[in-house]
Amino acid sequence: MIGILRNLARRWSELSLALQFLVAGGFGLLAVMLVVGSWVTTQIRYGVTRNSAATTALYVDSVIAPLLPDLRKSEELSDSVRQALDETLGQGALGKRLISFRLWRRDGTVLYAKDAALIGRRFDMTDNLRSAFQGNVTAQFDTFDEDEGKEQAIGVPLLEIYNPVRAPWSGEVVAVTEFYEIASDFKATLASALLSSWLVVAGTTLAAFLLLSSIVLRASRTIDDQRGALRRQVSELQGLVTQNSALRQRVQRASRRATALNERYLRRIGADLHDGPAQLVALAALRMDSPVFSGDGHWGESRSTEVAMIRKTLEDAMREIRGICTGLVLPQIETAATMDILRLAVNEHERRTGTSVALTLPRHLPEPGASEKISIYRFVQEGLNNAYRHGRAKDQAVRAGMKSGRLFVEVSDGGPGFDPARVEGLGLAGLRERVESIGGQFQTLTGAHGTRLVISLSIEEQA
């Protein structure tokens with residue numbers, strides 16, 4: 001049972017606010033309508049019955065009262081009074097309207113009745129009789145007691161009225177008249193009044209329900225829209241959180257690789273210094289220990305030759321040191337134009353290697369930020385070094401342009417190519433990390449007919 005209730009509660013919570021209101025509000029307003037309608041129709045039935053009874057009682061009293069003797073002194077009706085009542089109630093308009101008539105004494109005795117068999121009989125006092133003897137006009141519509149079978153058998157709607165008979169001067173209730181009036185017109189009037197009241201109550205309830213439903217529906221739509229927008233925002237935030245997590249992991253991996261690459265750069269620089277300038281300086285130092293410099297002056301010509309050799313060795317060492325420094329130190333490219341940076345990198349390579357490079361540039365290129373410019377310069381520099389070392393400087397070319405809103409730079413050669421998974425060296429690996437760290441793309445295309453290195457950068461042109 002608890003599981004069923006929980007299931008119903010869950011399904012109820014899944015409904016929209018508008019549908020919940022339509023169900024709960026509809027049943028609630030229906031219950032209110034039934035309660036209010038029943039109360040209103042009861043009041044209308046009571047009021048219409050009382051007013052109609054009071055009107056009829058006044059009419060009957062105006063006709064019957066003059067015929068009655070002083071019932072305070074006489075407890076029985078004379079034959080003349082009974083005859084007068086018979087004639088009055090048996091003919092004319094009053095006789096046609098009244099089906100039954102009884103005159104009651106305070107002790108419950110019937111002083112007079114249209115049915116002569118009831119005269120002189122004594123009955124238990126009913127609530128309506130007691131109320132009438134207290135001075136109230138009471139009535140009931142189509143309601144019969146056990147001793148009123150004849151009236152019920154007539155088969156027409158009847159209005160039963162109890163009317164107090166008062167003494168002329170004192171106003172004391174001395175008797176009660178009970179009579180049944182044919183109430184066909186009264187029944188139609190009462191039915192019309194009840195129908196009108198139900199229509200008013202139902203119409204008012206329906207109008208209130210529609211008004212509240214429109215308000216709740218509009219509020220429900222607003223809430224659903226806000227809920228949908230919130231869900232979309234949550235979904236977007238979840239996507240951003242996932243993307244940020246992936247980016248954080250990517251940055252951490254890049255940081256670790258950058259640390260490893262820096263260490264490899266330092267080892268390569270140390271190796272270059274050790275194998276190049278350091279060896280030459282050591283050779284010069286060894287020559288300084290030659291007997292030519294430690295002996296007497298008989299070594300003049302040989303000393304000059306040794307000095308020339310030492311000078312040449314030191315010049316070679318200095319040239320190699322400058323070459324290493326030239327590769328490490330960047331020129332002033334932060335403020336240079338993109339096309340000037342490309343020309344500078346190509347010219348430096350041609351001057352250093354004595355080879356030629358085909359440079360292809362468009363009429364205009366956007367001006368990216370400093371990080372992008374440095375990446376472009378290093379890419380062309382390392383790409384041409386790669387073409388010179390591995391591509392034998394054959395058909396070296398640099399090309400740049402815009403494609404799909406992104407700046408691309410391509411370095412190519414006509415060499416024999418290489419396996420990127422095995423031969424991609426320290427320089428290209430560092431370039432890949434540098435380009436990808438600023439949101440760019442790095443691509444290596446190589447084969448038997450040459451190699452193409454391409455970078456693509458998303459550019460926001462600087463002012």
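Me: Which residues of α10 meet α11?
Reply: This is a predicted model. In α10, T338, I341, L342, L344, A345, V346, E348, H349, R352 and T353 make the contact. On the α11 side they meet K373, I376, Y377, V380, L384, N385 and Y388.

Me: How many of those are nonpolar, polar and charged?
Reply: The residues of this contact divide into ten nonpolar, four polar and three charged.

Me: What numbers describe two packed helices?
Reply: The angle between their axes and the distance between the axes. Here the axes of α10 and α11 come within 10 Å and cross at roughly 30°.

Me: And what does that angle make them, roughly parallel or roughly antiparallel?
Reply: Angles under 35 degrees count as roughly parallel, and α10 and α11 are therefore roughly parallel to each other.

Me: Left-handed or right-handed crossing?
Reply: The crossing of α10 and α11 is right-handed.

Me: OK, the sheet now. What's the strand order?
Reply: β6-β7-β8-β10-β9, in an open sheet of five strands with mixed pairing. Two of these strands, β6 (358-360) and β9 (441-447), are at the edges. Each has a single partner strand, so one side of each has no neighbour in the sheet.

Me: How much twist?
Reply: From one strand to the next, the twist averages 15°.

Me: Where do the two helices sit on it?
Reply: Helix α10 (residues 338-353) lies across β6, β7 and β8, and runs at about 175° to β6. Helix α11 (residues 370-390) packs on the sheet and touches β7, β8, β9 and β10. The direction of α11 makes about 15° with that of β8.

Me: Back to pairing. Are β6 and β7 parallel or antiparallel?
Reply: Parallel, over three bridges. T360 has R399 in β7 as its bridge partner.

Me: And how do β7 and β8 run?
Reply: They run antiparallel, joined by seven bridges. G401 stands opposite F408 in β8. The hairpin of β7 and β8 has two residues between the strands, and S404 takes a positive phi near 55° there.

Me: What about β8 and β10?
Reply: That pair is antiparallel too, over eight bridges. E410 has V454 in β10 as its bridge partner.

Me: Last one. Why is β8 called largely enclosed?
Reply: Seven of the eight residues of β8 are buried, so the rest of the structure largely encloses this strand. Buried here means under 20% relative accessible area.

Methods. Residues numbered from 1 in each chain as written. Predicted model: local features only at pLDDT ≥ 70, side-chain atom pairs only at ≥ 80, totals over all residues. Heavy atoms only, no water. Pairing = 2+ DSSP bridges. Helix = DSSP H or I, 4+ residues; strand = E, 2+ residues; numbered from the N terminus. Axes fitted to C-alpha atoms, helices over the stretch in contact; angles between N-to-C directions. Contact = heavy atoms within 4.5 Å. Parallel < 35°, antiparallel > 145°, perpendicular 65-115°, else oblique. Left-handed = near helix turned anticlockwise from the far one by under 90°. Nonpolar A, V, L, I, M, F, W, Y, C, P; charged D, E, K, R; others polar. Buried < 20%, exposed > 50% of the residue type's maximum accessible area, 1.4 Å probe, protein only.
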